[in-house]
Amino acid sequence: MIFPEKMKHLIAVVLDHDVDEVTRELLNLSLLHFVSITDLGEGLSSRLKTSSPLMNQTQILDLKKRIETYLAMIKVNPAENISLDIKDLKSIDLKACEDEINGLSDKMHYVREQQKHIQQEILKLEDIKRQMDLFGDIRTGMKSSSRFSFLNMQTGTIQRSFTGDFETAMAEYPTVVLKFEKVENQTHIFLISLKRDDPMIHKIQDKYHWVDVEIADELSPMKEDVISDLDAKLLKLRENQEKLLKQSMEMVHDQRKRLEELWTNLKLNELYGRIQAYYSKTDRTMLFSGWLPAQAQKVLEKALLKATKNRCYLEWSNPVEMERKTHTKQNVPVKFNNPLLLRPFQMLVQNYDTPKYGTIDPTPFVAVAYLIMFGLMFGDVGHGFILFIAGFFAWFSQRKHAGGTRDLMQLVMYCGLIAIVSGFLFGSYFGMPWFPALWFDFHAAIVGHAPEGATVRDVFGILKITIYFGISVISLGLVLNWVNLVREKKWFNLVFTKGGILGSWMYFAGIWVCFYAAESNFRLWPDGNLLFWIIFLPALLFIIKPPLEFLLHSRKHPEKRFTVMTLVDWAMEWIVEMLEIFSGYLANTLSFMRVAGLGIAHAYMMIAFFQMAQMAAGGPGLPYSIWSYVILVFGNILVIGLEGLSAGIQSLRLNYYEFFSKYFSGSGRAYEPVSLRNRN
Amino acid sequence: MAGSVSRYAFINAKLRARISKMLEPEFISTLIRSPSLNEAIQQLQGTPFAALVDIYTKTGDLKLAELELLKKEISLYRDIKNHVADDVQQVVTAMLLRFEVENLKNTLRLWFESALRQGPIIDTSVYLLRQNILNDIKIDSILSAKTPEDLIDSLKGTPYAPIISLQIPWMLENKSVFRMEIALDHYFYDELWNAIEKLPPRDLDIAHRIFSVEIDVQNINRLIRFKNSYDFSFEELSRYLITKGSKIKGPLLSKAFSQKDAGEMLSILLEGSLSGLKTMLGQMSDNQAGQLTLIEKVLSEYLMQQVRQILAGYPFTIGIVMAYFILKRNEIQTLITILNAKYYGLSEERIRSRL
């Protein structure tokens with residue numbers, strides 16, 4: 001858990017005709033983080049040919065993307081829904097696949113064109129309606145129709161038997177057809193159409209023997225009739241638009257199974273091709289290499305031997321052996337080795353950087369440090385409970401999605417739990433002291449009402465706790481740094497750096513001196529001799545760092561000559577290093593006072609809201625009014641949101657800048673095997 | 001110094017965060033590769049342009065989706081206006097005027113087509129923006145105006161009534177709204193320049209730099225197009241150029257005008273302050289349309305260079321606001337170009353050549 005998993009490197013040589021079986025096995029096991037074999041040593045690239053995948057990867061990716069696009073229309077994400085199985089891997093005819101998707105695309109295009117046509121009708125009818133709205137009296141409109149620059153208003157008659165057909169024919173265009181009087185065998189019709197459609201409208205009118213007539217004002221239709229006819233038409237068009245939208249969705253729904261099948265096969269072929277892209281070949285063999293967790297070596301070996309019927313050559317090496325063989329520093333991928341419970345903290349670490357292979361994985365330390373810091377800043381049972389519940393529901397809603405959001409919600413749940421625990425320790429329940437504190441009453445301490453004999457009685461006591469905590473975190477960071485340096489065999493850095501033995505010596509000594517002086521209110525300081533041994537000696541020892549470094553590097557860089565300026569450089573380097581150690585460590589330690597600051601702010605905000613609630617009640621001691629409760633509810637929500645966020649961010653900041661900076665060796669790369677189970 | 005930090009600290013952080021969320025070149029490339037308009041639009045799901053997916057899926061109407069983009073762009077200006085100091089607000093307001101002027105120009109073209117030429121306009125008029133940007137402009141009243149007098153009447157209460165009124169005689173005589181459009185452009189640039197002049201020196205310098213490029217692009221375009229296509233005299237053409245902020249004036253202008261060939265004209269226009277562009281114009285095509293496209297591309301690239309300089313420089317200036325607007329407009333234009341190209345089934349190469 002403290003160190004990432006041990007890794008092994010594999011170089012494999014298989015016969016050409018076993019390549020398919022081997023690739024399938026590699027994909028099925030999903031264990032190997034591939035490394036191009038030509039990267040392992042100079043000269044290999046000239047002797048080996050790179051193997052090109054059998055299928056065009058870009059085309060596969062494009063087709064896969066197209067399917068994802070269609071499935072996204074019905075809110076389906078195949079990457080999350082489909083479990084890949086190597087048995088489903090079949091050879092794929094990309095042309096046929098493309099034709100199939102094009103078929104769906106064409107059908108969709110047809111529906112979209114219909115939708116567009118209907119939409120334009122809707123827009124035109126809405127435009128007619130807007131024009132009608134501008135116009136007060138429809139009768140005047142008929143007399144001066146040119147005012148409606150793109151509308152034609154006419155009244156006329158047709159034979160009653162033609163009425164239905166006439167209406168059907170007119171329905172093809174954005175028109176308003178109002179029948180308002182039937183005389184003998186004739187129907188009087190009021191027609192509004194677009195001037196643009198005049199030729200077609202005239203044809204229909206001719207077909208049904210339309211006769212223009214002038215009608216008496218009192219008989220002409222009302223504006224309301226026109227509007228209601230337009231509304232009816234718009235409603236029908238919108239219904240049709242809805243139907244087409246449903247149709248387009250159903251089209252994808254009907255094809256869902258087939259699309260998912262195609263996607264699965266494309267994805268498998270993509271992964272298959274990706275593995276083969278790492279192969280290098282000679283005339284009759286294929287070579288590949290990669291990293292995997294040491295504990296999985298046997299599984300992969302067995303599978304490869306089986307796939308090749310023992311006709312393969314496998315060479316296993318650990319990172320040190322690889323470096324010896326290749327004479328190059330190996331960038332070994334890092335596989336975290338943490339339990340699922342620590343995933344949120346692993347996410348925080350990865351967000352910063354991936355630790356270098358062989359160095360400490362900070363995840364478990366971050367988990368402890370982060371939660372303690374959060375608890376100190378946000379100690380309240382009620383607030384913690386709300387935070388936990390909110391985090392739980394958000395986490396539950398994300399249960400089907402793997403990834404950052406779910407991990408973040410899990411972190412919120414943890415923060416809620418630690419806030420509950422620290423709430424019990426500080427005796428705070430929605431800012432009220434319902435039960436006695438198990439450790440000390442935080443609110444009482446900051447307002448100066450702490451009882452006699454309490455562990456912590458004032459703000460300074462709280463600040464002292466956070467300083468102690470800061471010293472512990474920094475000390476742990478320094479110890480972890482030594483472990484990393486020893487494991488990396490960086491002996492020079494182990495002694496002569498700020499985080500090494502000399503720097504740490506000065507830090508611990510400095511801390512002791514400060515506490516010694518503080519006990520006597522800075523009136524008494526340790527004896528001068530002692531000060532020399534514990535502070536100045538390591539400082540003086542730092543003087544030999546630059547010349548030692550010069551001597552060690554002079555072999556590698558013979559062009560660097562010793563001059564008088566070199567002495568000046570060494571002096572400057574020493575001065576800067578001392579400044580950095582003194583001011584850096586001081587700032588790092590004091591930085592932890594923000595934990596107390598945030599905790600105090602949390603408590604004071606609650607006190608402020610209680611005072612406001614009291615004011616709303618009319619004065620101290622009076623029963624709360626409804627406004628008092630509103631203020632308290634609002635205040636609690638604000639404190640949970642604002643302080644929760646601040647405490648979360650500050651805990652992260654302290655981990656990243658005060659803790660990680662002491663020991664974390666980033667610049668590693670994550671273990672990413674070509675895998676059937678990778679959701680990305 | 002402290003003043004500029006407090007003026008721009010918030011908006012600088014906000015806009016830089018937004019700039020980082022703009023569509024990446026890889027995404028644009030994926031859009032270009034999409035085989036159909038529907039698939040291209042669906043890919044916008046999960047981006048700041050997700051509203052387009054909804055509109056297109058429900059209506060199948062690309063123009064409606066474009067109208068949504070325009071509304072979105074306008075709302076961005078309004079949003080940013082709320083977060084800047086008074087003098088910068090005035091500049092943003094003046095920049096918003098561009099949308100109003102462009103919408104009014106489109107409306108006037110349709111009114112002219114409908115009222116004076118009796119042509120059909122409904123296919124286009126339905127896609128006009130019908131929301132007030134700065135002034136209360138009644139688009140439908142303008143479109144239904146029967147006479148020029150009705151038109152002026154419908155614009156009453158807006159600053160455009162006197163501008164349009166002055167151009168009516170020329171419009172009736174020449175059967176064109178050309179001068180109306182030029183007058184509206186002049187109004188916009190005058191307002192913009194007046195707002196810019198009130199900025200403090202550092203902001204003023206940046207604003208001058210950016211808008212001068214834009215104005216020169218307009219002027220070069222007009223100079224080449226108007227001289228060769230309409231055979232205008234020097235005096236007449238000078239009237240159509242934007243004077244405020246332009247570096248193309250005086251002897252440079254008359255010298256350029258005296259050239260017959262568009263290429264020579266360009267080469268003269270790009271001397272002096274725009275000389276840096278000459279090197280970017282390595283390959284000039286022979287035909288005039290090609291030259292104009294090329295110069296537009298080069299000037300747009302020049303503008304992007306200015307934006308990059310602004311983003312890399314001192315952050316607490318109006319530059320960040322202007323850089324954001326330019327980048328956003330560029331992003332929206334790119335999106336519109338790709339989606340239209342998909343609608344018309346253009347090949348990937350042709351789309352890339354148009355971007």
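This is a predicted model: local features need pLDDT of at least 70, side-chain atom pairs count only at pLDDT 80 or more; totals for chains, interfaces and linings use all residues.
1. Now for where the two chains meet. Chain A puts 31 residues into the contact, and chain B puts in 27 residues. On the chain A side, α3 (57–73), α5 (94–134) and α9 (223–276) each bring at least two residues. If you want one helix to look at, pick α5(A): it gives the most to this side, with 15 residues. Sorted by class, the side of chain A that touches chain B has twelve charged, ten polar and nine nonpolar residues.

2. Next, a pair of helices inside chain A. Helix α13 (residues 363–377) and helix α15 (residues 404–426) of chain A have axes that come within 8 Å and cross at roughly 55°. That angle is why α13(A) counts as oblique to α15(A). From α13(A), the contact uses Leu371(A), Phe374(A), Gly375(A) and Leu376(A). The residues from α15(A) include Tyr414(A), Cys415(A), Ile418(A) and Ala419(A). What classes make up this contact? Eight of its residues are nonpolar, two are polar and none is charged. As for handedness, α13(A) passes α15(A) in a right-handed crossing.

3. Have a look at helix α1 (residues 19–29) of chain A as well. Its buried residues are Val19(A), Val22(A), Thr23(A), Glu25(A), Leu26(A) and Leu27(A). Notice that a glutamate, Glu25(A), is in that list. Which elements cover the buried residues of α1(A)? Among them are β1 (7–15), α9, β9 (285–293) and α10 (297–308) of chain A. After α1(A) comes Ser30(A), with a positive phi near 50°.

4. Two further residues of chain A are worth a click for their backbone angles. Lys75(A) is not a glycine, yet its phi is positive, about 60°. You'll find Lys75(A) in the loop between α3 and α4 (78–81) of chain A. Is Lys75(A) buried or exposed? Lys75(A) has 8 other C-beta atoms within 10 Å, so it is exposed.

5. Asn521(A) is the other one: not a glycine, but with a positive phi of about 55°. Asn521(A) sits in the loop between α19 (501–519) and α20 (528–541) of chain A. Because 7 other C-beta atoms lie within 10 Å, Asn521(A) is exposed.

Definitions and conventions
Residues are numbered from 1 along each chain as its sequence is written. Chains are lettered from A and ligands numbered from 1 in the order in which they are written. Axes are lines fitted to C-alpha atoms, for helices over the stretch in contact, and angles run from 0 to 180 degrees between N-to-C directions. Helices (H or I, at least four residues) and strands (E, at least two) are DSSP runs, numbered from the N terminus. Angles under 35 degrees count as roughly parallel, over 145 as roughly antiparallel, 65 to 115 as roughly perpendicular and the rest as oblique. A crossing is left-handed if the near helix is turned anticlockwise from the far one by less than a right angle, and right-handed if clockwise. Two residues are in contact if their C-beta atoms, placed from the backbone, lie within 7 Å. Ala, Val, Leu, Ile, Met, Phe, Trp, Tyr, Cys and Pro count as nonpolar, Asp, Glu, Lys and Arg as charged, and the others, Gly among them, as polar. A residue is buried if 20 or more other C-beta atoms lie within 10 Å of its own, exposed if 12 or fewer, and partly exposed in between; C-beta atoms are placed from the backbone.
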